[in-house]
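Reader: Please present the model, and then let us discuss how its two partners meet and what lies inside.

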Amino acid sequence: MTDVMDKAKDGKGAPARRRFLKEVAGVAGGACLLAAGVGLYSRQAAALPATALRPPGALAESDFLGACVRCGLCVRDCPYDTLKLAELGDGVVTGTPYFEARKVACEMCDDIPCVLACPTGALDRGLTDIEHARMGLAVLIDQETCLNFLGLRCDVCYRVCPVIDRAITLERVHNPRSDRHAMLLPTVHSEHCTGCGKCEAACVLPGEAAIKVLPVRLAQGSRAEHYRRGWEEKEAAGGSLIGDQIELPVRGMEDQPYGDTRLRTQPAPAPAPGAPPTGLDSGWKP
Amino acid sequence: MTADDRVGRVPATSVRGAALRGVLARPGQEAVRNRGWLAAHKWLLLRRVSQLGILALFLLGPWLGIWIVKGNLSSSLTLGVLPLTDPFLLAQSFAAGVVPYKEALLGGGIVLAFYLVFGGRLFCAWVCPINLVTDAAAWLRRRLGLKGGKAPDARLRYWLLACVLAVAALTGSLAWEWVNPVSMLHRGLIFGFGLAWGVVGGIFLYDLLIASRGWCGHVCPMGAFYALLGRTALLRVSAGGRGKCNDCMDCFAVCPEPQVIRPALKAAGQTHPLILDRDCTTCGRCVDVCGQDVFRITTRFDRSES
């Protein structure tokens with residue numbers, strides 16, 4: 001009876017079941033298309049901008065996006081208003097917490113309140129010592145504008161570093177421009193840098209900082225595992241793996257041990273008059 | 001009573017009365033005349049108090065520094081002890097392969113238990129901030145007499161819910177939360193909007209111009225999730241006074257899910273007057289606009305007719 005009525009209604013004679021299946025297929029197809037669109041959009045938008053840093057203890061980005069429910073409790077418990085929730089259009093996944101080091105850096109609270117506030121584990125409570133946080137890695141990215149690289153004693157990034165002398169050290173090198181001064185180059189050490197961003201925030205340059213905190217994956221190269229570091233192998237094995245090496249004399253450095261190429265502090269004894277010159281400086285002049 | 005008598009009883013401002021006279025309907029006017037404006041808007045006002053009150057609790061902290069509730073509807077902490085988490089988000093998290101900390105599980109359990117007991121789509125009518133937007137669109141659509149447009153099949157939301165969970169499983173992330181207007185609006189009000197206004201405005205225009213009750217009634221997978229929790233809802237609307245119905249059709253005009261009314265009101269496919277459909281949001285708007293006091297909000301065990 002219903003079949004007859006349906007046939008009468010839509011004229012084509014399609015039975016009700018077929019029409020129902022058609023409808024369901026249409027709705028299901030539409031839903032899947034919509035969801036696929038959302039999924040693709042989410043994949044495209046998942047790339048975190050290099051300036052956006054996650055709070056301490058954040059899981060790896062792909063895991064983080066599955067665990068963070070965008071509730072903002074970490075933002076609320078951040079005593080320095082460092083963290084904020086991304087708004088639509090910020091370039092960071094909507095509703096997820098982040099901070100930008102140049103604007104306001106992480107103060108590295110000892111009790112890590114943001115991690116304790118997270119109800120889902122997107123911020124991992126396994127992080128109990130803030131010095132083990134790895135929010136990013138500082139990189140002295142512009143040696144052309146860094147004042148210390150120009151030979152001045154700015155040192156601000158080094159001074160503000162909460163892990164001073166471990167995460168950032170000043171390395172003394174010769175200044176080849178003046179040829180008589182030293183340069184003290186701020187140098188970041190990845191095994192200690194937490195990525196808090198204090199250095200980037202404090203950099204005295206007027207606009208962009210010369211030192212920037214980048215996501216670790218951007219800041220570091222992949223380790224060349226196939227390259228065996230001889231000095232590490234030697235230390236591990238308690239001696240050289242390839243035995244003693246033949247020592248060939250180097251002209252002008254005959255008195256020095258093999259490998260020591262430092263210039264002698266004592267000037268070479270003056271050669272006897274008439275004798276052929278020895279050493280690196282033959283005394284020849286054009 | 002003959003059919004002509006009934007037509008005579010239908011007020012001129014009601015949907016059916018206006019249709020007979022070819023004018024714009026003003027549903028609910030009979031109720032206002034019979035009971036007064038306040039009583040004829042009781043449930044609407046209570047609902048607005050609930051929606052805005054919940055929002056105010058969340059805003060007291062950021063605006064006035066009074067921290068009763070921290071967070072947002074996705075997950076919150078009340079008075080520093082009570083965790084509440086949206087089970088729809090937890091479901092997505094589980095689908096993405098994440099097992100959250102016990103705070104979120106406990107909070108999700110409390111919310112889940114509440115809606116399972118009292119009625120899933122209470123969330124839609126009494127809590128969800130988007131409801132204010134779509135109600136406004138529906139009201140304006142009625143006042144302007146806009147007809148037509150095309151609403152997708154109401155089953156779309158259930159398929160979309162399935163697809164949302166599938167996408168979460170495939171991408172390992174809460175993909176829906178990147179576009180979810182419900183959490184976006186609530187979060188935006190509390191934490192800052194960005195371009196989220198555009199999404200909310202889009203829903204308003206969609207409901208106003210394209211699909212009557214389109215978002216909440218046909219598309220929203222979050223509403224679909226809460227509807228699935230509504231099978232055991234304790235609070236239900238009863239058409240207990242259906243004997244008095246004068247077929248003015250006002251309840252159908254204001255109901256966000258009009259298809260749920262007929263079985264109870266017209267005894268179509270059921271004998272009792274309870275609206276047990278999971279899609280009913282228990283908003284009580286039908287109770288308000290009925291000039292004949294046909295409807296009441298009661299429990300699912302109250303099958304009496306008055």
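Author: Buried area is the accessible area (1.4 Å probe) that two parts lose on being put together, summed over both. This is a predicted model, in which local features need pLDDT of at least 70 and side-chain atom pairs pLDDT 80 or more, while totals for chains, interfaces and linings use all residues. Residues are numbered from 1 along each chain as written, chains are lettered from A and ligands numbered from 1 in written order, and side-chain values use heavy atoms, without hydrogens and water.

Reader: What area do chain B and chain A bury between them?

Author: Contact means heavy atoms within 4.5 Å, and 44 residues of chain B are in contact with 44 residues of chain A. Y101(B), W178(B) and F191(B) supply 24% of the area that chain B buries there, more than any other three residues. Carbon and sulfur atoms hold 69% of the total, which is about 3500 Å².

Reader: Which residue of chain A forms a salt bridge with E103(B)?

Author: A salt bridge requires a side-chain nitrogen of Lys or Arg within 4 Å of a carboxyl oxygen of Asp or Glu. Two such bridges are found across the interface. With the closest N and O atoms 3.1 Å apart, the partner of E103(B) is R125(A).

Reader: Is Q92(B) buried or exposed?

Author: Q92(B) is in contact with V164(B), L165(B) and W176(B), among others beyond four places in sequence. Buried means under 20% relative accessible area, exposed over 50%, and partly exposed in between (1.4 Å probe, protein chains only). Because its relative accessibility is 0%, Q92(B) counts as buried.
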